[in-house]
Amino acid sequence: MNLKDIVDRTYNVGEEAFTEALKYLEYFKFNKGDILIKQDEVCKYLFVIGEGVLRNFVINKEGEDHTRWFAEDGDLFTSLLSFKNGEPSIASVEALCNGFGWKIPIDKAWFLLNKHRDWSLWAVHLFSDGLAVMERRYKYLGVGDAYTRFCNMYKWRRAEVIIHIPLQHIASYLGVTPQSVSRFRRKFIREQ
């Protein structure tokens, strides 16, 4: 995806503000398995995904891996605790396939937010959209049986994205076993 199109999906940032941001944005590539944000470390960037699929996960005290969300082309992510307060991230973000994106140091992002009204309004829209996504996630993935949650996940994500998500991560996200996800997939395909 084109960076300007990604930005304008949230709020149409003027040319001057966008051009200044380009001074600080760094294009980067990532590979399957790369960790872009590490749990218990301060995240130093705001990331924009041009192409790729990533997952956010936590390792609990028992060493268990729990997937919390997935991100895809055009999504933005960071650790909000790091972004707002300079605190360590409570989760990690891992690339599930090769891809590319852009990143901007958090201090430069704050500089742009304070300097340009367009970037401030963009951030308000971004965080409002993020809250709406969280509310929708709780509504559709926090209710119903596991199969209903699975079907809702498939309604939200494109097939091109889901094929990059390993079975165990979908299972972790839904709170079920990988065997259950296999059964859900077969049932889902039969019903289509």
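## Helix α1 and its cap

A polar contact is a pair of N or O atoms within 3.5 Å; within protein, one must be able to donate a hydrogen and the other to accept it, and residues adjacent in sequence count only if both atoms are side-chain atoms. N2 caps the N-terminal end of α1, with a side-chain oxygen 2.7 Å from the backbone nitrogen of K4.

This is a predicted model: local features need pLDDT of at least 70, side-chain atom pairs count only at pLDDT 80 or more, and totals for chains, interfaces and linings use all residues. Residues are numbered from 1 along each chain as its sequence is written, and side-chain values use heavy atoms, leaving out hydrogens and water.

Helix α1 spans residues 3–10 (helices are DSSP runs of H or I, at least four residues, numbered from the N terminus). Its buried residues are L3, K4, I6, V7 and T10 (buried means under 20% relative accessible area, with a 1.4 Å probe and protein chains only). They lie on the same side of α1, because they cover an arc of only 160° around the axis (the arc is that of the directions from the helix axis to the C-beta atoms).

## Nonpolar cores

A nonpolar core is a set of buried Ala, Val, Leu, Ile, Met, Phe, Trp, Tyr and Cys residues joined through side-chain atoms within 4.5 Å. The largest has 22 residues. L3, V7, V13, W102, W119 and W122 touch the most other members. A second, separate core of 21 residues includes L96, A146, C151 and V181.

## Helix α6

Helix α6 covers residues 146–156. Eight of its 11 residues are buried, so α6 is largely enclosed by the rest of the structure. Among them are F150, C151 and M153.

Key. Buried < 20%, exposed > 50% of the residue type's maximum accessible area, 1.4 Å probe, protein only. Helix = DSSP H or I, 4+ residues; strand = E, 2+ residues; numbered from the N terminus.
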